[in-house]
Amino acid sequence: MTDPKFKSGLILPNRRRFLQGSAALAAGALAMPYVARADDKVLYVNSWGGPWLEAAKANLFDPFTAETGIEIRTVSPVSFAKLAAQVKTGVYEFDVTTLGGGDIVRANEAGIIEDLEAPYEGGLFQNGVASHAFATVMAWRTDTIKGTPKSWADFWDVERFPGGRSLQRYAARVLPIALLADGVAMEDLYPLDIERAFAKLDEIKDHIRVWWTAGAQSTQILRDGEIDMIGIWHGRYFEAEDAGAPVAMTWNQAEIDRAYWVVAKDTPNMEAAKLFVEFATSAKPLAGFASQAKYGALNPAANEFVPDSAKSRMPTSPANYPLAFEQDMSNWGGDPHEVSARFDEWLAS
Amino acid sequence: MNRMISRLSEQQNLWPWLLLLPLSAYLLVFFAVPLADVVQMSVTEPTLGLQNYEKVLTGSLYRKVFLNTFMTAGIVTLCCLFVGYPLAYLMAHTSRRNAMLILLLITMSFWTSFLVRTYAWMVLLGNNGPVIWLIQSMGFEEKPHLLFTRFSSTLAMVHILAPYMIMNIYSVMQKIDKSLILSAESMGARGASLFRHIYLPLTAPGIANGSVLVFVICLGFYVTPVLLGSPREQMAAGLIGHQIEEFLAFGLGSAMAIVLLGVTLVILGIYHRRFGLDKLWG
């Protein structure tokens with residue numbers, strides 16, 4: 001899919017120069033991040049906010065600045081579209097970002113991320129450096145849901161567990177969950193049976209009150225009891241639990257995704273960006289980051305620095321990992337792009 | 001003598017244009033050029049041609065979302081009118097001090113960020129919010145679902161947009177010559193008849209202005225329907241954002257934006273023929 005999308009025809013050079021000029025103008029007026037562009041001692045990192053940002057600041061950003069003298073500023077929200085637009089326009093808002101398994105294949109095919117080298121053995125996938133694993137788990141309100149749901153089939157069982165439901169508006173994560181609910185075993189999921197997944201989704205559609213689109217939103221609706229059962233990222237779940245909300249979750253049939261650090265193609269901060277990615281995936285900083293945010297560190301060398309106390313909340317811990325399954329984007333079962341489009345039509349119908 | 005006057009007025013006529021120059025330059029750089037870019041993207045990405053427009057105009061998803069967008073904007077406009085008209089009337093006919101007080105209360109909501117106001121509705125209408133509590137304390141067993149419905153997003157949009165309606169109608173009502181009402185009364189017009197034949201037609205420009213403003217602004221609403229509305233009732237701006245964010249479909253998103261702009265211009269055009277667009281600015 002190396003399509004002409006990103007080579008925008010004849011007027012590009014002019015437009016780019018123009019955009020840079022107008023960006024500089026806007027910078028003066030609006031104090032956008034471009035202001036500091038002249039100073040190459042600043043690196044811009046795309047941030048997920050919430051518990052991710054807290055852990056990243058303490059374990060990755062601040063130590064990196066202490067070691068290299070390069071200041072780190074964060075830009076929100078995480079936006080795949082912005083990553084693509086940056087390369088197209090030549091105006092960079094961030095230099096480094098993290099992508100999940102589905103997005104990184106797309107990003108690499110579209111040529112919007114820089115070629116990288118593996119900083120540790122087996123650490124490189126589609127020009128992203130593997131950082132950490134996170135999971136989409138089933139969670140519920142203990143004040144409204146009576147009994148203990150055990151699997152995604154129970155999520156679909158609105159007779160036994162009545163109440164409002166919520167899932168992420170993200171076809172690539174929702175379809176495997178629907179198949180599990182329909183009785184497919186975790187090891188037989190891929191390639192996905194797309195038709196069967198949509199048929200199963202029809203059953204739950206009327207009960208999904210929110211298709212959440214941002215991590216903070218998922219925590220909020222669970223914590224405030226706007227819904228009673230949810231498919232939620234594990235870090236966001238623990239945020240609600242730690243806030244004292246009456247909630248519970250299961251690691252059973254948890255859906256693991258991997259997150260990768262990538263560098264925006266042709267960014268003017270190339271050297272600092274590459275340095276940061278290497279730093280962020282090296283054993284000690286990654287261990288600190290993963291321990292605090294309860295992600296599973298993907299650099300094996302990091303694991304010896306991860307305290308046992310942090311492991312119970314990690315999807316990759318010896319106790320949790322066997323209960324979970326990993327997303328398999330290389331054997332997914334369809335063009336994720338087309339399936340997403342179909343998913344959107346399905347949502348609105 | 002005549003010639004001198006006409007020369008003088010010609011020179012004076014240049015002034016307004018000069019004063020417009022900074023704004024025109026600003027609009028050219030930050031509005032016209034990016035808009036041209038959007039038009040260009042809509043016919044060049046991913047390949048040259050009109051296939052994006054074909055998709056937008058024939059795809060069932062897009063038709064549905066556009067219809068919903070215009071319907072929502074219509075409902076919100078009507079609600080704003082029904083809420084705003086009596087309030088504007090009250091302001092125009094109470095003491096100056098009270099009118100200023102009401103105006104202050106209305107404009108105060110403008111001081112709060114858009115997003116905060118949207119989240120405030122989430123708290124108010126939420127499962128543990130005061131509205132549900134009130135409904136339950138009145139003896140209703142079942143908790144109604146208020147959030148994430150057409151009701152909640154419409155309510156929030158009416159709240160956000162009503163000030164535009166109120167201020168437009170108020171400014172017209174304030175200028176109504178009281179002697180017109182008095183003379184109508186002296187000729188025997190009373191109550192409903194006085195309102196229907198005299199007052200309502202006199203306030204019509206305010207209603208039209210407020211309605212057009214509210215309708216057009218509402219067409220582009222993004223965050224409120226996304227956060228408060230039901231997933232089945234998407235609005236165009238949310239879908240455009242989603243096309244670009246999720247699918248990197250800059251071309252398709254641009255085409256949708258242009259179609260939305262086009263339809264909006266048609267509506268403004270109809271309005272212009274009926275009432276005159278210049279009345280919008282007083």
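The following legends describe close-up views of a predicted model.

**View 1. The interface of chain A and chain B.** Chain A and chain B bury about 3,100 Å² between them, with 52% of this area on carbon and sulfur atoms. Chain A contributes 37 residues to the contact, and chain B contributes 29 residues. Eleven residue pairs are in polar contact across the interface, both residues of each pair being at pLDDT 80 or more. On chain A, at least two residues of the side that touches chain B come from each of helix H1 (12-30), helix H3 (80-89), strand S7 (208-212), helix H8 (215-223) and H13. H13(A) supplies the largest share of that side, seven residues. Sorted by class, the side of chain A that touches chain B holds 17 nonpolar, eight polar and twelve charged residues.

**View 2. The salt bridge between Lys88(A) and Glu45(B).** Side chains of opposite charge can pair when their charged atoms come close. Here the closest N and O atoms of Glu45(B) and Lys88(A) are 3.1 Å apart. The count of salt bridges between chain A and chain B is one. Over all chains, a search of the whole structure finds 21 salt bridges.

**View 3. The cis peptide bond between Glu45(B) and Pro46(B).** Glu45(B), which forms the salt bridge with Lys88(A), is also joined to Pro46(B) by a cis peptide bond. The omega angle of this bond is about 0°. Pro46(B) sits in the loop between helix H1 (2-44) and helix H2 (51-58) of chain B.

**View 4. The packing of H2(B) against H3(B).** H2(B) meets helix H3 (residues 60-93) of chain B at an angle of about 65°, and the two axes are 5 Å apart. From H2(B), the contact is made by Lys55(B), Val56(B), Leu57(B) and Thr58(B); from H3(B), by Ser60(B), Tyr62(B), Arg63(B) and Phe66(B). These residues divide into four nonpolar, two polar and two charged.

**View 5. The packing of H6(A) against H13(A).** Helix H6 (residues 171-181) and helix H13 (residues 336-348), both of chain A, pack with their axes 9 Å apart and at an angle of about 80°. H6(A) is therefore roughly perpendicular to H13(A). Ala171(A), Val174(A) and Leu175(A) of H6(A) touch the other helix, where Val339(A), Ser340(A) and Phe343(A) of H13(A) make the contact.

**View 6. The loop between H6 and H7 of chain A.** Asp182(A) forms a salt bridge with Lys200(A), and their closest N and O atoms are 3.6 Å apart. Asp182(A) lies in the loop between H6 and H7 of chain A, while Lys200(A) lies in helix H7 of chain A, 18 residues apart in the chain. Pro191(A) is also in the loop between H6 and helix H7 (194-204) of chain A. The peptide bond from Tyr190(A) to Pro191(A) is cis, with omega near -5°.

**View 7. The backbone at Gln253(A).** Most residues other than glycine have a negative phi, and most peptide bonds are trans. Gln253(A) is not a glycine, yet has a positive phi of about 60°. This residue is placed in strand S9 (residues 247-263) of chain A.

Methods:
Residues are numbered from 1 along each chain as its sequence is written. Chains are lettered from A and ligands numbered from 1 in the order in which they are written. This is a predicted model: local features need pLDDT of at least 70, side-chain atom pairs count only at pLDDT 80 or more; totals for chains, interfaces and linings use all residues. Side-chain values use heavy atoms; hydrogens and water are left out. Axes are lines fitted to C-alpha atoms, for helices over the stretch in contact, and angles run from 0 to 180 degrees between N-to-C directions. Helices (H or I, at least four residues) and strands (E, at least two) are DSSP runs, numbered from the N terminus. Angles under 35 degrees count as roughly parallel, over 145 as roughly antiparallel, 65 to 115 as roughly perpendicular and the rest as oblique. Contact means heavy atoms within 4.5 Å. Buried area is the accessible area (1.4 Å probe) that two parts lose on being put together, summed over both. A salt bridge is a side-chain nitrogen of Lys or Arg within 4 Å of a carboxyl oxygen of Asp or Glu. A polar contact is a pair of N or O atoms within 3.5 Å; within protein, one must be able to donate a hydrogen and the other to accept it, and residues adjacent in sequence count only if both atoms are side-chain atoms. Ala, Val, Leu, Ile, Met, Phe, Trp, Tyr, Cys and Pro count as nonpolar, Asp, Glu, Lys and Arg as charged, and the others, Gly among them, as polar.
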